[in-house]
Amino acid sequence: MMQDLNLDSSCNFVKPSPTMEILKNFHTRCKRVHDLPSVDMFVTTADPVREPPILVANTLLSLLALNYPANKLACYVSDDGCSPLTYFSLKEASKFAKIWVPFCKKYNVKVRAPFRYFLNPPVATESSQFSKDWEMTKREYEKLSRKVEDATGDSHWLDAEDDFEAFSNTKPNDHSTIVKVVWENKGGVGEENEVPHFVYISREKRPNYLHHYKAGAMNFLVRVSGLMTNAPYMLNVDCDMYANEADVVRQAMCIFLQKSVNSNHCAFVQYPQDFYDSNADELTVLQSYLGQGIAGIQGPIYSGSGCFHTRRVMYGLLIDDLEEDGSLSSVAAREYLAEKNLEREFGNSKEIVKSVVEALQRKPNPQNTLANSLEAAQEVGHCHYEYQTSWGKTIGWLYESTAEDANTSIGIHSRGWTSSYISLEPPAFLGAMPPGGPDAMLQQRRWATGLLEVLFNKQSPLIGMFCRKIRFRQSLAYLYIFTWGLRSIPELFYCLLPAYCLLHNSALFPKGVYLGIIVMLVGMHCLYTLWEFMSLGFSVQSWFVSQSFWRIKTTCSWLFSIPDIILKLLGISKTVFIVTKKTMPKTMSGSGSGKAQREDDCPNQNSGKFEFDGSLYFLPGTFIVLVNLAALAGCSVSLQRLSPRHGGGGSGLAEACGSILVVMLFLPFLKGMFEKGKYGIPLSTISKAAFLAVLFVVFAL
């Protein structure tokens with residue numbers, strides 16, 4: 001097993017050898033279907049406008065069609081928006097799944113998200129039977145798409161069935177708990193034509209209750225799945241991240257089930273987040289180097305999607321509570337399995353307490369009818385259920401941060417657990433990043449604010465490195481990531497210093513040989529980052545666009561995370577989780593395997609081109625461009641001479657080159673000043689930035 005997985009015992013990074021070799025070894029350990037562990041799959045969505053239901057349906061279909069026994073899988077979709085449109089779309093998708101799943105398994109389809117698979121026609125050499133099945137399946141998917149599209153603008157279907165009665169008089173932030181078993185695989189034995197369980201849930205929400213955003217939805221998913229299927233492992237994916245590798249579950253189980261690297265200590269298996277558009281080249285490179293580097297310490301950081309979790313670990317189990325064979329120690333058994341302790345920690349539902357005991361003791365879940373658990377599932381979805389329990393504190397996904405993934409991740413590592421990182425080719429999961437613009441800025445601000453929240457809460461690595469079981473180097477890795485938002489202040493100054501020095505006629509850089517050393521160091525850094533991109537198959541243009549976006553997001557988006565966290569710490573306001581808008585791509589795709597090929601197959605015509613609106617996110621960037629243009633204009637018309645006026649101590653060519661470099665990095669803003677429509681900066685933003693630029697110039701002079 002160790003040899004097949006290319007896994008070093010001192011490292012938590014796994015780069016699998018060819019899939020067939022892994023699965024051959026896996027089948028050796030699990031020769032019979034009933035030997036395979038069950039897996040509960042979670043999908044979260046919250047807004048049918050910002051997260052199109054057809055996109056959620058495609059993610060669902062890709063999960064239902066995975067190469068894993070259907071009677072060992074169950075898919076739960078949490079709809080925090082309580083949208084009848086989302087439920088309708090998912091219900092129709094479950095009907096189509098009875099065609100899609102057998103088709104995928106019969107012909108071993110590689111891409112199992114229909115909206116991607118049907119972009120390319122079948123190969124001419126395929127059999128006539130395959131072509132007929134392909135055409136029939138495509139027609140059925142087009143019917144599904146039309147139904148969802150028609151339902152978006154017409155609500156007559158809402159009253160057509162009694163099944164939608166639960167959605168009457170509901171609001172996204174004010175509704176009762178809804179739990180519906182959309183499809184149950186009754187009596188399933190794992191045959192290819194079977195479709196896994198599918199359950200739709202929407203927890204109760206009231207205006208005067210805290211709901212803890214995605215973390216609260218995930219904890220409700222854990223409770224409902226614990227009542228119904230109680231699988232020992234849980235997969236969570238975002239609603240726009242479809243499964244791109246059909247054997248992804250089997251590969252994750254290879255890590256959990258192997259005995260040679262003390263697999264009992266592995267809390268979760270994280271796959272990198274890859275994307276089928278070219279808006280996320282920078283994130284892909286970051287994961288390839290930083291992510292894999294951190295994986296070599298105590299394991300990768302949980303990144304919110306594409307992750308397999310161990311249920312027992314999410315129930316707050318400590319690593320010291322286990323014996324060598326993975327069973328509970330006698331001390332832990334007395335502490336955890338006492339009924340009063342369980343009710344205090346997990347809530348006063350007897351059914352939940354029973355399922356927790358079974359999960360902690362690794363007892364197989366009896367195959368009961370899912371409908372028998374509906375009443376208990378409704379109970380654990382009430383707003384007040386988590387009151388005075390440990391949910392969100394030491395159990396499940398942790399609260400107190402909008403970056404619930406990083407917060408939960410450091411909580412797990414602080415208890416001594418490790419994690420594993422699997423990087424596949426082709427990628428296990430694929431999604432889409434929002435284009436450069438308001439949605440990207442909003443997402444970056446939420447991430448930076450959430451990371452700063454963790455830095456200042458109980459899970460802070462500043463505390464953990466001294467008094468918890470997290471490794472010192474792992475704490476440093478977390479500290480590096482959590483302080484990203486603080487980088488916005490020095491980067492803002494760096495972007496303004498060359499212009500200030502030009503206007504003030506003062507030197508920013510040393511002269512002579514020392515200037516040459518600085519230029520050499522900067523050049524070496526640029527060449528190294530360029531090598532990082534090109535070694536992964538990305539182009540020079542992609543590298544420059546990513547460098548530009550890094551400066552823009554730092555000064556324009558991360559900057560706002562600092563007042564957000566200050567206001568929260570002072571108790572003046574609270575941070576808010578705003579759902580990022582997802583869009584259905586309109587790109588051609590191939591089934592090829594490499595990042596470079598995905599970039600070529602899916603060219604983004606607007607790569608590096610930003611969309612603008614009147615939000616404050618674009619004020620700092622516009623201000624930076626105007627200030628540097630003013631400084632350069634002053635030099636060009638001899639308002640500020642490049643030659644020093646005070647004995648060689650003034651500004652010079654180096655400062656002018658610095659300002660030119662800043663303008664180049666903020667090129668999308670420079671173009672936006674002359675564009676119209678969504679690619680143009682609003683006049684109000686330009687006016688505010690111009691006023692601030694005048695003040696800056698006056699101050700500098």
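Contact here means heavy atoms within 4.5 Å.

**Basis.** I worked from a predicted model, in which local features need pLDDT of at least 70, side-chain atom pairs count only at pLDDT 80 or more, and totals for chains, interfaces and linings use all residues. Residues are numbered from 1 along each chain as its sequence is written, and side-chain values use heavy atoms, with hydrogens and water left out.

**Record.** I looked up the feature "active site" in UniProt, where an unreviewed entry places it at D80 and D405. UniProt positions follow the numbering used here, feature names are shortened, and annotations may be inferred rather than shown by experiment.

**D80.** I located D80 in the loop between strand 3 (73-79) and helix 4 (84-107); helices (H or I, at least four residues) and strands (E, at least two) are DSSP runs numbered from the N terminus. I noted D80 as buried, at a relative accessible area of 7%; buried means under 20%, exposed over 50%, and partly exposed in between (1.4 Å probe, protein chains only). Neighbours within four places in sequence aside, I listed T45, A46, P172, H175, R203, K205, Y213 and A217 as the contacts of D80.

**D405.** I found D405 in helix 15, residues 404-414. D405 is buried too, with a relative accessible area of 17%.

**D564.** I also looked up D564, which belongs to helix 22 (residues 561-569). With residues up to four places away in sequence not counted, D564 touches R445, T449 and T575.
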